Amino acid sequence: IPIGSYYATILTGCINISGCTLCIFIVRFLGKRKLVFISLAGVAICFVIVGTYSYINDVNNFNDVVTKELSHTSIPLIFLVAMGFFSYLMIYSLPWILISELYYNEIRDVASGISAATGYLTGFVANKTFLNMVNLIAISGVFWFYSAVAAVGLILLYFLMPETEGRSLAEITEHYAGTTKMGNKVIKGKSSQPA
């Protein structure tokens, strides 16, 4: 990358915070559903671009990054930082938002703990298997795989995730109990209230 790793880390952190901050301000207007689609599509596109860059430059592992003379080295930096922005725009925030909306008050403490543990375990497995995947299918293959995971997530959430922004906990509970059906539109002017 054209800048030092220390500065790249700081830049990435600042961009991640800006994505999360933007989420806080625009979720009421766009809703969680649209933000999830924007977030997942952005991540998928960024991963495809970085994977394609790695493939075109024949970068198969991390040793290649050090030994090869690469052109346009700002491309992976730009798109990996953009991926961080899109991730923090909604993907990383969504589970924490939904935990407070999906679980009944009587089971929320245990269910939230189980949900958080599952999320952390999934993140651990993804981090732990990253280098093995690079050795198996090369850097480009890993980024394309992650892009495919984001695309599949986008498709699944399109069909499975209702818009809960502006809905009360009672409305959300009734939807998941199967007694009523929520639409996919944001309810504006009505704040979500805990039941």
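**Notebook: helix packing and cysteines**

I started with α1 and α5: their axes come within 8 Å and cross at roughly 160°. That angle makes α1 roughly antiparallel to α5. My cut-offs for angles: under 35 degrees is roughly parallel, over 145 roughly antiparallel, 65 to 115 roughly perpendicular, and the rest oblique. I take axes as lines fitted to C-alpha atoms, for helices over the stretch in contact, with angles from 0 to 180 degrees between N-to-C directions. Helices here are DSSP runs of H or I with at least four residues, numbered from the N terminus.

I noted the source: this is a predicted model, where local features need pLDDT of at least 70, side-chain atom pairs count only at pLDDT 80 or more, and totals for chains, interfaces and linings use all residues. Residues are numbered from 1 along each chain as its sequence is written, and side-chain values use heavy atoms, leaving out hydrogens and water.

The α1 and α5 crossing is left-handed, meaning that the near helix is turned anticlockwise from the far one by less than a right angle; clockwise would be right-handed. I sorted the residues of this contact into 19 nonpolar, six polar and one charged. Nonpolar covers Ala, Val, Leu, Ile, Met, Phe, Trp, Tyr, Cys and Pro; charged covers Asp, Glu, Lys and Arg; the others, Gly among them, are polar.

**α4 against α5**

Next I looked up α4 (residues 94-102) and α5 (residues 108-160). They pack at about 160°, with axes 10 Å apart. The pair is therefore roughly antiparallel. The crossing is right-handed. From α4, Trp96, Ile99 and Ser100 meet Arg108, Ser112, Ser115, Ala116 and Tyr120 of α5, where contact means heavy atoms within 4.5 Å. I count four nonpolar, three polar and one charged residue there.

Which residues of α4 are buried? I found Leu94, Leu98, Ile99 and Glu101. Buried is under 20% relative accessible area, exposed over 50%, partly exposed in between, with a 1.4 Å probe and protein chains only. Their cover includes α1 (5-56), α3, α5 and α6 (169-177).

**Gly84**

Gly84 lies in helix α3 (residues 74-91). Its relative accessibility is 6%, so I log Gly84 as buried. The C-alpha atom of Gly84 is 8.0 Å from that of Gly19, 65 residues apart along the chain.

**Cysteines**

How many disulfides does the structure hold? I found zero, with a disulfide taken as a pair of cysteine sulfur atoms within 2.5 Å. For Cys14, the nearest cysteine sulfur is that of Cys20, 13 Å away. Cys14 is partly exposed at 48%. For Cys23, the nearest is again that of Cys20, at 6.2 Å. Cys23 is buried at 4%.

Note on methods: Helices (H or I, at least four residues) and strands (E, at least two) are DSSP runs, numbered from the N terminus.
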